[in-house]
Amino acid sequence: MVRPVLVLVLLGLGGLLLAPTRPPAVAAERRSAALPPGLVAARTLEAKIAEIEAAPELREEVKTKLVELYRKALSNLDEARANAESSDAYEAAIETVPAETRRVGEEIERSASTDPLETLDVDLETPLEQVEQRLTKTQADLAAVRARRSDLERRLTYQESRPAAISSRLAEAKQQQEAVAAALEAPPAADEAPAVSQARRWVQETRYAALSAEIKMLDQELLSQRMRVELLEARRDKAVSSAEWLGTRFRALGDLVNRRRQLAAEEARMEAEEVRRETVGSNPLLTQLAEQNAALTAEVTAMAARLGAVDQEQERAEKLARRITEDRKDAATTLETGRLTRGLGRVLLEQRESLPDIQFYRNKSRALQHQIAEAGVQRLRHQAEARRIADLDQAVSVLEAHVVTEERAQLRAEIRGLLAARQATLEKALEADDFYLRQLRELDTAERELIAAAVGYEALLNEHLFWLRSADPTGLRDLGGLPDELRRLLSPSIWSGVATTLGDQLTRSVVFWLLLLVAAALRWKRRRLIEAIEGTAAHVGRPTTDSLAHTLRALALTLATA
């Protein structure tokens, strides 16, 4: 016979599971009524805990047991309420998510119809500082969009495995619920105190309620899962579209900044060169200062010219890393599903062959580190010189000391003008140093990410390609193609390519030439080695001359001869 309290629990939970869908506005009201009306209240349990802890007549072990059971019941109530709130959210998502998905799709369409370069409002006449500020902001926006896209992709990957996990947990929760129902039907232990039996029953009832709320939550999650995945996909597509839109603006602004820097550097170089020509034949100090200014402006011009190439290399590395990452993700998904088609091995083999040369990029990374170090040293040199001539009057006085006394008044103004020009050029050089170092470090980061993506994908391919068929089984129809295969195998073009490749590798191999030299020397001394072996044999077998050293020497000479 079913007990009255259990009937109340089951009726209350039945109402909870069959409750009609309500709008989100009443979700807060439902939370207070989410649990069955016959279930013990949280405030009752908290009052019981306080009462037990203050009761001096109870034995310590009974008090500890009761408090433990009451706290477990409270934890079950908290879990039931949390599951009910999540169930409300999933239920509300069924009504709100489709409209949100459509809205995101409309935003993608509007963004696609907008030219990213139309609203730049900058050109070659715009101050360089303003263009750089726009470039920095666009770069920050682009990084934020890419981070959001990565987060959405991770969430989509997680959602792909959720249906199976939900189904497994539903089956497990229903089994646990049946076990709790059976425990509620069982009579309390005869030797157990009534207070403990009541507390244990409250634990079972609250556990039943928590499992019921969890089952409803999982059902609602499963019902809304497809809609929520579609919304995540739409947001991911929006992030991809925004990244492309911002990327176009970022590249345009970067090109504009590089052109402005090149033009400014070229103008400064021409001015410094003109001043240098004017000082030829005048005082040696003026000529030296003008030549130093011209050399510094030439450095800034060369640095500005290299910025475009750095940007292109960075863009190429980022695109290649994204392609490899997407290929790896698709391959991993295909391999995890277990649906291995006949052509999969060939496709993966082609992708491995298309991977970039990792060693090339590692060597390039080492060269780039050296380049970054050199740029850092150059920046330190410019900073030190800028500090040295920061006080223009003092710098002029130091240089005047190298001028004949009667010429100082005449040359002071020209020295001051050349030093002022060098101060301005050093300021531009330091700005160029900072910008160039930042670009080099960003390139280094992009190429490191490319190396990591290529290494990871190559490891995945190496792990699985051995077990995948990369070609169809040989059949009778393949026998007809043997003559053509033999002709291709014996083709002079193939063997000339092999010879060229082998020659290139051997000419660059130091180890090969060292081994070849050692082998030639040993071949030349072969007769002497054999004679040495025979001479060693004469000492073996005689008690006065025999030794293990002769045996070891003969072994070493034999190996050298071989």
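How many aromatic pairs does a search of the whole structure find? It finds 2, and we'll visit both. Before you click, know that this is a predicted model, where local features need pLDDT of at least 70, side-chain atom pairs count only at pLDDT 80 or more, and totals for chains, interfaces and linings use all residues. Residues are numbered from 1 along each chain as its sequence is written, and side-chain values use heavy atoms, leaving out hydrogens and water.

Select Y70 and W202 to begin. Rings of Phe, Tyr and Trp (its six-membered ring) pair if their centres lie within 6.5 Å; planes under 30 degrees apart are stacked, over 60 edge-to-face, and the rest tilted. Here the centres sit 6.0 Å apart with the planes at 40 degrees, so call the pair tilted. Zoom out and you'll see that it links distant parts of the chain: Y70 is in helix α4 (residues 60-112) and W202 in helix α7 (residues 194-279), 132 residues apart. Helices here are DSSP runs of H or I, at least four residues, numbered from the N terminus.

Now colour by accessibility: buried is under 20% relative accessible area, exposed over 50%, partly exposed in between (1.4 Å probe, protein chains only). Y70 is buried at 3%, and W202 is buried too, at 14%.

Next, select F360 and Y361, an edge-to-face pair with 5.2 Å between centres and 80 degrees between planes. F360 is partly exposed at 45%, whereas Y361 is buried at 13%.

Last stop: R261, which lies over the face of F435, 4.7 Å from the ring centre. That label needs CZ of Arg (or NZ of Lys) within 6 Å of the ring centre and within 35 degrees of the ring normal.

Notes. Helix = DSSP H or I, 4+ residues; strand = E, 2+ residues; numbered from the N terminus.
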